[in-house]
Amino acid sequence: SEVFNSVQDELYNERDSFIFTNIVSTHHPYTFGKKEKREFFGDVEEQELREAIDGYNHEEYLGGDEIIWDRRKMEIRRRGYLASINFVDRYLEILYDSSPEDTVFIVIGDHGELFGEYEREGSPLIGHHFGTFKELVHVPCFIFSKSQIELEVDEDALFSMRDLPEI
C-alpha cells in the first residue's frame with residue numbers, strides 16, 4: 001500500500017508527467033491483504049498457506065532438488081496468485097477513483113505464472129522461468145481513463161508492448 005499511496009500523491013503533484021510503477025504484489029511470494037486472506041483461504045491453516053506460497057526458492061527448484069507438490073499445495077499457491085491480483089485490483093480502483101479526470105492508466109502484465117499445467121521430467125512447472133508457454137506470454141493490457149480518449153486500437157489483435165500508442 002506504500003507504493004499505491006506514493007503513486008496517489010504523484011498523480012496530484014506531477015501534472016503532465018508520466019508515472020511508472022512496477023507493482024510486484026503479483027510476483028512470488030504473493031502479497032495480499034486480510035480481505036483476500038479471508039476470501040481465498042478460509043479453509044487453509046496459516047502454516048499450510050505459508051508452505052504452499054513460500055514453499056521453495058528458485059535455486060532449489062531449478063537446481064534439481066526434488067520438491068513434492070501435491071494438488072492441494074498447488075491449488076493453495078494458485079489461490080495466492082489470484083488473491084494478489086484481487087489485492088492489486090482493489091488498489092487500482094482506489095487510484096482510479098481518486099485520480100484527476102485526465103489521467104490515463106496503462107496496466108500491463110509482464111508475464112504469467114505456471115501452476116503445474118506442464119511438466120518437465122515428471123515434475124510440475126511452477127513459476128515463470130520455463131519457456132514461452134501461452135500462460136506466460138499472453139498477458140493483460142488495459143488502457144483506460146475517466147475521460148473520453150481517442151485511441152485507434154484493434155481490441156482483438158495480438159500486439160507487443162512496443163506497439164502501444166503514444167499518449
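Guide: Helices (H or I, at least four residues) and strands (E, at least two) are taken from DSSP runs and are numbered from the N terminus. The model is a predicted one, in which local features need pLDDT of at least 70, side-chain atom pairs count only at pLDDT 80 or more, and totals for chains, interfaces and linings use all residues. Residues are numbered from 1 along each chain as its sequence is written, and side-chain values use heavy atoms, with hydrogens and water left out.

The setting comes next. The protein chain contains six helices and four strands. Along the sequence they follow the pattern α-α-α-α-α-β-β-β-α-β. Burial is judged by relative accessible area: buried means under 20%, exposed over 50%, and partly exposed in between, with a 1.4 Å probe and protein chains only. Of the 167 residues in the protein chain, 29% are buried. Contact means heavy atoms within 4.5 Å. Among the contacts in the protein chain with a separation of 6 or more, 67% are between residues 24 or more positions apart.

Let us return to L95. Because its relative accessibility is 5%, L95 counts as buried. Leaving out residues up to four places away in sequence, L95 touches F4, V7, Q8, L11 and F105. L95 and Q8 are 87 residues apart in sequence, yet their C-alpha atoms are 6.1 Å apart in space.

In α2 (residues 34-41), the residues E36, F40 and F41 are buried. Seen down the axis of α2, these buried residues fall within an arc of 85 degrees, so they line one face of the helix; the arc is that of the directions from the helix axis to the C-beta atoms. The exposed residues K34 and R38 are carried by the face of α2 turned away from its buried side. The cover over the buried residues of α2 includes α3 (46-54) and α5.

These two covering helices also meet each other. The axes of α3 and α5 come within 8 Å and cross at roughly 80 degrees. Such axes are lines fitted to C-alpha atoms, for helices over the stretch in contact, and the angles run from 0 to 180 degrees between N-to-C directions. Angles under 35 degrees count as roughly parallel, over 145 as roughly antiparallel, 65 to 115 as roughly perpendicular, and the rest as oblique. The helices α3 and α5 are therefore roughly perpendicular to each other. From α3 the contact draws on E48, L49, E51, A52 and I53, and from α5 on R72, K73, I76, R77 and G80. By class, this contact has four nonpolar, one polar and five charged residues. Here Ala, Val, Leu, Ile, Met, Phe, Trp, Tyr, Cys and Pro count as nonpolar, Asp, Glu, Lys and Arg as charged, and the others, Gly among them, as polar.

Aromatic rings form a further theme. Rings of Phe, Tyr and Trp (its six-membered ring) pair if their centres lie within 6.5 Å; planes under 30 degrees apart count as stacked, over 60 as edge-to-face, and the rest as tilted. Nine aromatic pairs are found in a search of the whole structure. In one of them, the rings of F40 and F41 have their centres 6.5 Å apart and their planes at 45 degrees, so the pair is tilted. Both F40 and F41 are buried. Another pair joins Y96 and F144, whose ring centres are 5.9 Å apart and whose planes stand at 50 degrees, so this pair is tilted. The pair links distant parts of the chain, with Y96 in helix α5 and F144 in strand β4 (residues 141-145), 48 residues apart. Y96 counts as partly exposed because its relative accessibility is 26%, and F144 counts as partly exposed at 28%. Ring pairs also link Y30, Y81 and F115 into a cluster.

Apart from neighbours within four places in sequence, H111 is in contact with H27, Y81, H128, L136 and V139.

Most peptide bonds are trans. The peptide bond from H28 to P29 is cis, with omega near -5 degrees.
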